[in-house]
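Here is a short report on one residue and its surroundings. It moves from the residue to its helix, then to the core and a helix pair.

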Amino acid sequence: GAGGFLGLGVVKGIIDGAPDVENINITPVGEATKIYDSDGKVIDTLITDGSNRVPVALSKIPLNLQNAFIAIEDERFRTHNGVDIKGIFRAAYQTVFEGDLQGASTLTQQLLKNNVFEDGGFEDSKGALVRRKVQEIYLALKLEENLSKDIILENYLNTINLGNVSNKT
């Protein structure tokens with residue numbers, strides 16, 4: 001009835017307020033600055049707070065590492081369209097019936113949360129969280145229409161924290 005139409009109106013309003021998929025940047029920020037000598041050899045790396053990343057092409061990331069993240073974080077990554085409906089139902093079931101809070105975000109949604117939404121995961125209200133999740137789902141679907149799984153996976157793996165490795169010897 002009327003409640004359903006109101007709900008659809010709210011969702012449409014939230015989606016209309018989402019960033020334009022054409023203008024979002026999923027590329028990780030915070031790369032380290034490299035200093036080269038006249039021969040093109042790296043002589044130093046300047047690492048400041050939040051700027052310690054060195055981008056790595058997907059072809060240089062071991063396949064076992066790629067597959068491990070897919071298996072742990074989003075087992076249907078290669079087959080879903082940005083949103084994992086089975087994962088959402090599984091997480092809802094486990095949360096409601098087993099009391100075990102589960103996430104259902106795909107790698108694509110996590111990439112958006114980390115690189116597009118400034119407060120991703122740290123919203124100050126349930127309303128802000130719902131707003132972000134709806135926009136995240138919408139953008140994940142749109143992003144997967146425009147980008148390959150490999151581009152999404154490469155950016156995801158270059159975004160997440162894989163530890164603190166010093167470049168100094």
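Threonine 159 sits in helix H6, residues 149-159. Helices here are DSSP runs of H or I with at least four residues, numbered from the N terminus. This is a predicted model: local features need pLDDT of at least 70, side-chain atom pairs count only at pLDDT 80 or more, and totals for chains, interfaces and linings use all residues. Residues are numbered from 1 along each chain as its sequence is written, and side-chain values use heavy atoms, leaving out hydrogens and water.

Threonine 159 counts as buried because its relative accessibility is 7%; buried means under 20% relative accessible area, with a 1.4 Å probe and protein chains only. A polar atom of the threonine 159 side chain lies 2.7 Å from the backbone oxygen of asparagine 155.

A nonpolar core is a set of buried Ala, Val, Leu, Ile, Met, Phe, Trp, Tyr and Cys residues joined through side-chain atoms within 4.5 Å. This core has 20 residues, and Leu112, Leu153 and Leu157 have the most contacts inside it.

H4 and H6 pack against each other, with axes 10 Å apart and an angle of about 50°. Axes are lines fitted to C-alpha atoms over the stretch in contact, and angles run from 0 to 180 degrees between N-to-C directions.

| Helix | Residues in the H4 and H6 contact |
|---|---|
| H4 | Leu107, Thr108, Gln110, Leu111, Asn114, Asn115 |
| H6 | Ile152, Leu153, Asn155, Tyr156, Thr159 |

Definitions and conventions: Helix = DSSP H or I, 4+ residues; strand = E, 2+ residues; numbered from the N terminus. Buried < 20%, exposed > 50% of the residue type's maximum accessible area, 1.4 Å probe, protein only. Polar contact = N/O pair within 3.5 Å; in protein donor to acceptor, adjacent residues only side chain to side chain. Contact = heavy atoms within 4.5 Å.
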